[in-house]
Amino acid sequence: MSNVIVIGGGASGMMAAYSAAVSGHKVTVLERNEKCGKKIYITGKGRCNITNACDYEEFFEKVVSNPKFMYSAFYSLTNTGLMELFEGELGLPLKVERGKRVFPVSDKASDVSAALLKGLERYGVVIHCDTFVKELIINDGHVDGVVTDKGTYKGDNVILAAGGKSYPTTGSDGNGYDIAVKAGHTVKDTRPALVPIETVEGWPERIMGLSLKNVRTTFRADGRVIYDELGEMLFTHFGISGPLVITASSYIGSYMKKHKDCHITVTIDCKPALDIKQLDNRILRDFNEKPNVWFRNSLVKLLPAGLTEVVVRMSGIKPDKPVNSITAEERRKLVSLIKGLELNIKGLRGYNEAVITQGGISVNEVDPSTMESKLCKGLYITGEILDLDAVTGGYNLQIAWSTGYLAGISVR
Ligand SMILES: Cc1cc2nc3c(=O)[nH]c(=O)nc-3n(C[C@H](O)[C@H](O)[C@H](O)COP(=O)(O)OP(=O)(O)OC[C@H]3O[C@@H](n4cnc5c(N)ncnc54)[C@H](O)[C@@H]3O)c2cc1C
């Protein structure tokens with residue numbers, strides 16, 4: 001049995017503390033906030049999308065950075081293993097929703113933290129909140145404890161689970177990287193990911209708040225498709241957001257990292273269920289039903305009001321033109337606009353709005369079968385602080401849970 005210190009009482013740190021304590025170790029969690037799991041509270045819009053009930057192979061497809069590094073960790077605590085743990089020993093009933101997203105039945109993210117804290121209490125884990133870890137104590141290549149703003153803690157093993165840089169008000173502001181760098185680790189370029197997108201064009205601001213369901217977005221980087229999906233998006237005062245956009249931002253961020261001066265666009269197909277011919281027929285039918293109506297009032301059945309205004313303006317057709325005098329050529333242009341509204345991407349929003357941080361501590365410096373640092377014995381590194389990230393859907397928390405769990409069962 002050894003003394004284990006966990007830096008950070010987030011998802012990964014709490015899971016690491018739990019599995020280390022269940023394995024019989026004496027565990028102390030040091031958390032800078034007044035309570036543990038502050039970020040968990042805001043996950044899944046306050047409902048916590050705890051994991052995804054996907055097939056195992058699919059999980060690795062959803063991990064954007066370094067999926068192979070995740071093999072051992074994931075198989076030490078799979079998504080189904082996690083669900084069994086929460087529903088069984090931790091007493092939290094779960095449900096599976098659309099897209100195999102898993103949530104607590106109560107729809108309360110706070111219940112996820114509470115269940116974990118109860119588990120930690122049961123196994124005698126000591127939690128010291130309002131305690132900020134400043135650095136590691138390392139002697140002869142082995143970690144011996146940590147220095148905090150409240151004094152020194154001695155330990156045989158330290159698990160660093162201090163998170164990334166996104167939503168810094170939750171406590172993860174990137175200081176954990178400095179702790180690792182002092183121990184010799186390398187931090188790969190960090191950047192905000194799963195984040196809204198700014199557009200060059202200003203027109204999204206005119207329809208901010210408008211959400212489009214069942215649209216197709218195709219993101220192209222230098223002309224090559226990098227993300228193409230059906231779903232929901234939202235217009236904002238700076239550009240676009242919503243589930244499709246947030247997911248696309250991960251691919252855009254990766255591309256931008258490799259191609260500094262790239263040109264990225266998004267094409268929005270507002271009517272993906274209709275092909276060009278079908279949409280043209282549909283418009284023609286509407287025009288024929290009310291031949292004298294003005295063009296600007298003719299699309300009400302087809303598009304939401306705000307979007308109609310944008311499309312009418314872009315079409316170049318006079319808004320007060322009666323629809324019976326609209327030419328076939330003008331209609332062709334209108335159809336292609338509705339099937340392909342284009343926006344140029346200016347960039348991604350910052351850490352304050354990013355669901356996760358891409359980049360982080362190089363996984364080449366961490367043993368994937370234990371999460372132990374290859375540079376400092378007794379130091380384990382887990383969760384978002386590592387150069388690991390996935391798309392939305394519960395996969396990022398699964399990364400935090402699995403890596404934390406593996407570190408906890410691996411400490412000696
Ligand atoms: C708005 C939002 C919604 C999200 N929704 C989901 C979702 O529904 N599903 C999903 O899978 N993922 C979601 N995520 C991502 C998910 O929350 C993270 O991937 C996950 O929390 C990472 O866990 P972690 O333990 O590695 O880091 P964190 O949760 O960030 O925990 C790190 C902890 O370390 C503490 N800490 C930092 N430095 C120190 C220090 N020096 N000393 C002491 N303590 C320190 C911090 O205070 C913090 O409590 C969401 C993220 C955000 C921002």
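This is a predicted model: local features need pLDDT of at least 70, side-chain atom pairs count only at pLDDT 80 or more; totals for chains, interfaces and linings use all residues.
Local features need pLDDT of at least 70, side-chain atom pairs count only at pLDDT 80 or more, and totals for chains, interfaces and linings use all residues. Residues are numbered from 1 along each chain as its sequence is written, and side-chain values use heavy atoms, leaving out hydrogens and water.

**View 1. Helix α1 (residues 11-22) alongside helix α6 (residues 109-122).** The two axes come within 9 Å and cross at roughly 30 degrees (axes are lines fitted to C-alpha atoms over the stretch in contact, with angles from 0 to 180 degrees between N-to-C directions; helices are DSSP runs of H or I, at least four residues, numbered from the N terminus). So α1 and α6 are roughly parallel, the word for angles under 35 degrees. Their crossing is left-handed: the near helix is turned anticlockwise from the far one by less than a right angle.

**View 2. Who touches whom between α1 and α6.** M14, M15, A17 and Y18 of α1 meet S113, L116, L117, G119 and L120 of α6, where contact means heavy atoms within 4.5 Å. That makes seven nonpolar, two polar and no charged residues (Ala, Val, Leu, Ile, Met, Phe, Trp, Tyr, Cys and Pro count as nonpolar; Asp, Glu, Lys and Arg as charged; the others, Gly among them, as polar).

**View 3. Helix α1 against helix α13 (residues 395-410).** Here the axes sit 7 Å apart at about 30 degrees, so α1 and α13 are roughly parallel too. This crossing is right-handed. From α1 come A11, S12, M15, A16, S19 and A20, and from α13 L397, A400, W401, T403, G404, Y405, G408 and I409. Nine of the contact residues are nonpolar, five polar and none charged.

Technical notes. Helices (H or I, at least four residues) and strands (E, at least two) are DSSP runs, numbered from the N terminus. Angles under 35 degrees count as roughly parallel, over 145 as roughly antiparallel, 65 to 115 as roughly perpendicular and the rest as oblique.
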